[in-house]
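The exercises below are to be worked with the sequence and the coordinates open side by side.

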Amino acid sequence: MDRVRTAARRYADVLPRGVPVWGYLVGAVVAVGWVRVASTTWVFLGAAACILAIACMGLTILVGWGGEVSLAQASLVGTSTYITGYALRHDGLHWAFLPAAALGAVTVIALSALISLPTARLSGMYVMVLTLGLQVTLERTLFTNARFAGGVESVYTGRPRLFGLGLDSDRAYYFLPFLVLVGVIIGLRLFRHSRHGRALMMVGRDRRAAAAMGISPLRYKLLAFMIAGVLAGLAGALTTPLYRSPPTSLAFISVQSLFYLAVPVTAGFGSLLGVVVVAFVFTMTPHALESAVRISPLLLGGAGLMLGTYVGPGGFGGVLLDRVRAGREAVLLAADRPDHRPAANVDLDVRDPLSSTVGAGGQRP
Amino acid sequence: MALGLEFHSDILAPAIINGLATASLYGVLGVSLVLVYRINRSVAFVQGGMATVGGFLYWFLTKDPLASQFATKGWPKVPAIGVVVIVGAVLGALYGSVVSNRMASYPRVTVTTFGLGAALFVVGLTGTIWQGVFETGIPGPFTGQVRIGSQQVSYHQLFSLGVLLVVCAALTVVMKATRAGIYVRAIADDSEAAEIVGIRVSAVGTAVWAVAGGLGALAGALIVPLAVLYETALIFVLMRALAAAVLGGFESFALAVAGAVVFGMVESSVGGGVFGTVNAGVREVILMGALLVGVVVINRKRLVSTVGGE
């Protein structure tokens with residue numbers, strides 16, 4: 001019975017604390033229902049935002065929890081996109097969607113392992129340099145290969161049928177990346193509260209202290225790279241059917257890796273939902289402003305990345321969340337409730353370890 | 001993708017000359033990366049943005065407005081280079097004032113990530129202002145060619161090489177024989193101790209960033225006559241400059257130049273057909289391999305002992 005209770009408590013941790021049941025219901029209705037009323041362009045962008053969020057959550061693990069910065073995420077997503085597309089197409093391997101997606105993901109995981117092994121003992125800046133090297137190498141090799149990327153002639157990939165359900169329309173296809181995103185969030189929240197998740201965060205916060213406690217920094221660094229690879233692979237596999245034809249390699253070049261990095265840094269590493277929000281904002285804002293002014297999404301990404309690192313450990317989103325929490329605590333204190341205690345917020349547990357990596361407010365003068 | 005075992009000695013000499021010229025382009029940017037690393041021990045990815053600004057600004061100032069869909073200026077090229085350097089220096093100083101003041105005590109990885117954001121912002125800004133620019137054949141400040149051995153070398157390539165040598169020599173002298181150089185070295189060793197003995201760390205840091213910004217913008221202006229100019233083109237060149245700086249251990253200007261020469265020659269020899277026909281993909285893998293060896297083998301012991309614990 002105790003084991004059941006423990007398991008139930010663990011799964012309850014998946015949900016953010018302090019949110020009422022009706023909040024979840026409204027959230028679910030909005031997340032699913034907006035697809036009914038929005039135009040197909042916005043729904044398409046919504047699916048793209050979900051995929052971006054999945055890829056960026058890999059960086060949340062790697063950068064935020066593991067304390068390493070990778071500049072190769074876009075190339076990994078692109079690799080998975082092109083490999084999955086090649087495996088799906090009639091002139092390629094002509095596999096079903098799920099095995100094709102698995103092939104794309106496995107290839108990317110292998111690449112992640114390949115780059116993480118030689119960099120395992122190097123400092124963060126050199127990991128950046130080498131991952132940028134991997135990015136450029138993939139750009140110049142795989143992405144220029146017409147068999148995978150399509151070259152000047154576009155190749156048709158199409159959208160899959162899954163479990164008897166057709167996903168050909170934009171509205172139907174939106175639910176595939178959306179459900180994968182929900183699954184990823186649940187999985188990552190469970191991982192964060194697991195023994196391995198806490199060990200990873202310990203390694204990200206202080207490698208030497210982690211080693212002193214018997215945690216292998218090398219092992220958990222590799223694990224972080226692998227998880228980032230899995231999520232990049234998933235994102236790439238979902239990108240292939242989204243566009244029906246492989247997108248140009250410009251979608252996966254070096255600056256796109258910086259753009260990917262901008263999303264979790266802007267959102268702050270304490271909130272997975274924040275990553276989703278920023279991914280949606282970054283994807284949809286240029287389109288929303290298009291009639292007034294055409295701005296490059298890279299501009300938003302750059303501003304987000306600068307602000308995210310400048311303001312402190314929680315990123316731009318973290319500052320907003322801190323303000324909200326401070327406001328709530330002020331209200332509680334004003335009410336002078338006798339049973340008042342500071343909220344045991346799991347997000348704060350995550351934020352602190354990052355003060356030694358991307359976030360730096362804890363060491364501000 | 002197969003590598004042949006050919007060796008064409010007849011084109012080795014031209015490839016070496018061409019490699020030297022190419023190296024000068026990577027070298028100017030590489031030297032600026034070393035300069036910044038010496039003041040705050042972070043990799044200045046922002047220099048990719050500075051080079052982008054320099055490249056676009058040089059094109060904007062010099063392109064004949066009658067031959068462009070944009071409202072370009074059509075200025076003479078040498079004054080335009082001067083303006084590019086000044087703008088780069090001002091932007092570098094602005095950036096430096098931020099990272100040398102409020103962010104001075106931030107971890108190096110954070111400052112490096114901030115630089116990535118700045119580079120991305122600048123690239124996005126140029127892409128927003130000059131949307132759809134895709135220019136080839138932008139003339140350099142000096143046109144014409146000279147024959148060296150059996151190889152034609154443009155005056156622009158010689159000018160770039162000259163700039164690199166002058167910059168490298170000047171920075172080496174400044175670092176080793178002037179008070180400013182002593183300040184920079186003191187800050188690099190221990191910024192808190194430097195502040196205690198009266199060195200104005202933020203002012204020196206800002207000045208160094210101004211110099212680096214000017215060099216980054218100059219590198220961009222020198223590169224665009226030999227490359228295609230578009231929104232993200234110069235980030236690729238940054239990768240080569242980074243590799244050169246890495247091979248030089250981020251410490252020595254001369255070693256960074258040597259790293260650039262190695263990369264320039266490898267790229268030129270392999271791409272020029274000295275070892276038979278090698279496609280661009282294999283060339284890239286070879287360069288990536290050289291980078292990997294440079295980082296892992298050459299720097300590993302020193303890095304682990306100096307900055308591995310950050």
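Two residues are in contact if their C-beta atoms, placed from the backbone, lie within 7 Å. Helices (H or I, at least four residues) and strands (E, at least two) are DSSP runs, numbered from the N terminus. The model is predicted, so local features need pLDDT of at least 70 and side-chain atom pairs count only at pLDDT 80 or more, while totals for chains, interfaces and linings use all residues. Residues are numbered from 1 along each chain as its sequence is written, and chains are lettered from A and ligands numbered from 1 in the order in which they are written.

**Exercise 1. Describe the packing of α1(B) against α9(B).**

Step one is the geometry: helix α1 (residues 12–40) of chain B packs with α9(B) at an angle of about 60°, their axes being 8 Å apart, where axes are lines fitted to C-alpha atoms, for helices over the stretch in contact, and angles run from 0 to 180 degrees between N-to-C directions. The crossing of these two helices is right-handed, the near helix being turned clockwise from the far one by less than a right angle.

Step two is the list of residues: B:Leu25, B:Tyr26, B:Gly27, B:Leu29, B:Gly30, B:Leu33 and B:Val34 in α1(B) meet B:Val237, B:Leu238, B:Arg240, B:Ala241, B:Leu242, B:Ala244 and B:Ala245 in α9(B). By class this contact has 11 nonpolar, 2 polar and 1 charged residues; Ala, Val, Leu, Ile, Met, Phe, Trp, Tyr, Cys and Pro count as nonpolar, Asp, Glu, Lys and Arg as charged, and the others, Gly among them, as polar.

Step three is the setting of α9(B), residues 233–247: 14 of its 15 residues are buried, so the helix is largely enclosed by the rest of the structure. A residue is buried if 20 or more other C-beta atoms lie within 10 Å of its own, exposed if 12 or fewer, and partly exposed in between. After α9(B) comes B:Gly249, with a positive phi near 70°.

**Exercise 2. Characterise the fold of chain B as a whole.**

Begin with the elements: chain B has 12 helices and 2 strands, and from the N terminus on they run α-α-α-α-β-β-α-α-α-α-α-α-α-α. Its radius of gyration, taken over C-alpha atoms, is 20 Å, close to the 19 Å that the globule rule (2.2 Å times the number of residues to the power 0.38) gives for 310 residues, so chain B is as compact as a globular protein of that length.

Next, along its principal axes the C-alpha trace of chain B spans about 60 × 50 × 35 Å, and 50% of the 310 residues count as buried. Among contacts between residues at least 6 apart in sequence, 76% join residues at least 24 apart.

**Exercise 3. Compare two helix pairs of chain A by their angles, α5(A) with α11(A) and α3(A) with α12(A).**

For the former pair, α5 (residues 97–119) and α11 (residues 217–243) pack at about 150° with axes 8 Å apart; they are therefore roughly antiparallel, as the angle is over 145 degrees. Their crossing is right-handed, and their contact has 14 nonpolar, 6 polar and 1 charged residues.

For the latter pair, the axes of α3 (residues 40–65) and α12(A) come within 8 Å and cross at roughly 70°; they are therefore roughly perpendicular, a term for angles of 65 to 115 degrees. A:Leu52, A:Ala55, A:Cys56, A:Leu59, A:Thr60, A:Val63 and A:Gly64 in α3(A) meet A:Tyr260, A:Leu261, A:Val263 and A:Pro264 in α12(A), a contact of 9 nonpolar, 2 polar and no charged residues.

**Exercise 4. Where do A:His94 and A:Phe163 lie, and is each of them buried or exposed?**

A:His94 is placed in the loop between α4 (73–88) and α5 of chain A; its phi is near 55°, positive in a residue other than glycine, and with 11 C-beta neighbours inside 10 Å it counts as exposed. A:Phe163 sits in the loop between β1 (161–162) and β2 (165–166) of chain A, has a positive phi near 50°, and is exposed, with 4 other C-beta atoms within 10 Å. As background, most residues other than glycine have a negative phi.

**Exercise 5. How many residues does each chain bring to the contact between chains A and B?**

Chain A gives 46 residues and chain B gives 45. On the side of chain A, α6 (124–140), α12 (254–267) and α14 (297–311) each supply at least two residues, and α6(A) has the largest share with 11 residues. By class, that side divides into 27 nonpolar, 14 polar and 5 charged residues.

Conventions: Parallel < 35°, antiparallel > 145°, perpendicular 65-115°, else oblique.
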